Amino acid sequence: MYYFDNSATTLIKPPQVATAVYHAIQSQTIGNPARGSHAPALQALRHVEQVRLKIAQLVNAQDVSQISFTSNATVALNLLLKSLFTSTDAVITTENEHNSVLRPLYQLEKEGMQLDFLTLDRLGRVRLDQLESLLKENTKAVVINHMSNVTGQLTDLKKVGAFCQKYNLLLIVDAAQSAGVVPIDMVEMQIDALCFTGHKSLYGPQGTGGIVLNNPTLNLKTVFSGGSGSHSYDKEMPHQMPGFFEPGTLNVHGLAGLEAGLDFIEEQSVESIQKELQEITLLFLEQVTAISRIQVYGNDLKQAKENPENHGAVVSLNLAGWSSGDLADVLYEEYDICVRSGAHCAPLVHKHFETVKTGMVRFSFSSFNTKEEVNIAVKALSELALER
Ligand SMILES: Cc1ncc(COP(=O)(O)O)c(C=O)c1O
């Protein structure tokens with residue numbers, strides 16, 4: 001099987017990830033963190049704190065205690081956005097967003113919050129030149145996707161950070177696709193808060209993710225409350241991070257696997273993973289753009305060659321005369337190739353490219369994909385392009 005659906009989840013993980021999850025259970029040493037002072041509870045806590053430290057190092061967060069774990073990026077984004085914004089705020093976001101950002105924002109909009117959108121250009125890049133024109137007196141934040149899960153386009157967060165600094169706005173980043181494959185420096189990029197997921201390019205197990213805050217002055221309201229292991233007689237959730245966003249028992253077994261995924265990334269370095277992925281993406285892009293009936297969206301060869309750092313390892317396309325669903329099915333049934341068709345939970349990107357009806361077929365690569373596999377995918381597409 002050839003797996004090119006890594007933007008959905010990485011299927012092939014470094015072997016040490018599964019070993020770590022297995023060991024976390026099999027060793028019978030992991031209790032419930034922050035729920036006691038016996039050895040298993042403390043050992044669980046040690047594990048959790050170790051993962052916080054590694055996440056902080058990955059994104060250059062200044063305070064490890066400002067990192068909370070959640071079950072994925074969607075939960076992280078919901079908690080963060082709903083704890084930050086009220087009906088009197090205005091928020092700038094983009095057409096590049098995933099539904100895990102759009103839907104919580106639409107919900108807040110229904111409650112009175114104002115929502116303004118940066119549109120996309122011909123290649124699916126966010127029109128940062130529109131930022132100034134969307135400013136309102138009550139604009140509180142820019143909420144933005146670092147890397148599109150449809151086109152792979154990366155947004156220049158340094159530029160957005162400088163804008164937010166200038167106008168005293170918060171910068172909130174969805175790093176679900178970029179964490180682990182693109183360098184992120186929350187200080188340099190002036191990011192106030194970031195959400196990540198563990199099961200994509202961090203190579204962790206599903207059920208892991210989190211929120212990283214880099215601004216001690218954020219005024220957060222409780223969205224989700226429950227057992228916190230401390231202050232049990234208070235009616236409210238304790239306001240301190242990291243417990244504030246962590247009601248209930250953490251997925252420590254999953255976090256043990258995420259720690260192994262983070263170790264793998266650290267060993268390779270994000271920069272070398274990024275470079276390796278750029279080569280694979282370019283190899284694919286060069287060949288598929290040469291197939292006359294294939295249309296690639298939001299990515300062009302010139303950009304990929306000249307500025308590979310602006311693009312992640314995602315290429316979405318269509319083959320003339322085919323719906324994306326049919327093409328994905330035939331790729332799987334006849335060639336054993338796994339890709340993702342349809343809307344990719346990013347409705348505004350598809351509206352922008354006028355692919356609401358057809359969808360797109362997305363190829364997304366990980367560092368476990370090889371050039372040989374890429375060539376097999378290209379061969380399959382070339383044959384199908386000739387056939388019908
Ligand atoms: C850009 C983006 N943001 C957020 C998410 C949500 O991640 P999760 O499904 O892990 O919550 C995804 C998932 O595909 C994504 O691509």
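The legends below describe close-up views of a predicted model.

**View 1**
The protein is divided into domain 1 (2–9 + 270–387) and domain 2 (15–266), and the centres of domain 1 and domain 2, taken over C-alpha atoms, are separated by 27 Å. To their contact, domain 1 brings 35 residues and domain 2 brings 35 residues. The size of an interface is often given as the accessible area lost when the parts come together. Between domain 1 and domain 2 the buried area is about 2,700 Å², with carbon and sulfur atoms giving 58% of that area. On the side of domain 1, Val270, Leu348 and His352 lose the most area to domain 2, and together they account for 20% of what that side buries.

**View 1. The nonpolar cores.**
With 92 residues, the largest nonpolar core has Val142, Phe284, Leu317, Leu331, Phe363 and Leu381 as the residues with the most contacts inside it. At least three residues of this core come from each of domain 1 (2–9 + 270–387) and domain 2 (15–266). When residues up to four places away in sequence are not counted, Val142 touches Ile92, Leu131, Val160, Phe163, Cys164, Leu169, Leu170, Leu171 and Ile172.

An open sheet with mixed pairing is formed by 7 strands in the order S2-S8-S7-S6-S5-S3-S4. Strand S2 (67–70) and strand S4 (114–118) are the edge strands, each pairing on one side only, and the twist from one strand to the next averages 20°. Within this sheet, strand S7 (residues 193–197) and strand S8 (residues 209–213) run antiparallel and are joined by 5 bridges; the partner of Ala193 in S8 is Leu213. Helix H2 (residues 39–59) lies across S2, S7 and S8, and runs at about 110° to S2. Helix H4 (residues 99–110) also packs on the sheet, where it touches strand S3 (90–94), S4, strand S5 (139–145) and strand S6 (170–174), and the direction of H4 makes about 145° with that of S4.

**View 2. Strand S10 and its bridge partners.**
S9 and strand S10 (residues 314–319) run antiparallel and are joined by 4 bridges; in S10, Leu317 is the bridge partner of Val296 and Leu319 is that of Ile294. S10 also pairs with S12 in the antiparallel sense over 4 bridges, and the partner of Leu317 in S12 is Val361. In a regular strand the side chains alternate between the two faces of the sheet. Here, Val314, Ser316 and Asn318 point one way from S10, whereas Val315, Leu317 and Leu319 point the other way, and all are buried. S10 is accordingly described as mostly covered, with 6 of its 6 residues buried.

Methods:
Residues numbered from 1 in each chain as written. Predicted model: local features only at pLDDT ≥ 70, side-chain atom pairs only at ≥ 80, totals over all residues. Heavy atoms only, no water. Core = buried A, V, L, I, M, F, W, Y, C linked by side-chain atoms within 4.5 Å. Buried < 20%, exposed > 50% of the residue type's maximum accessible area, 1.4 Å probe, protein only. Domains from an automatic or database assignment. Contact = heavy atoms within 4.5 Å. Pairing = 2+ DSSP bridges. Helix = DSSP H or I, 4+ residues; strand = E, 2+ residues; numbered from the N terminus. Axes fitted to C-alpha atoms, helices over the stretch in contact; angles between N-to-C directions. Buried area = accessible area lost by both parts, 1.4 Å probe.
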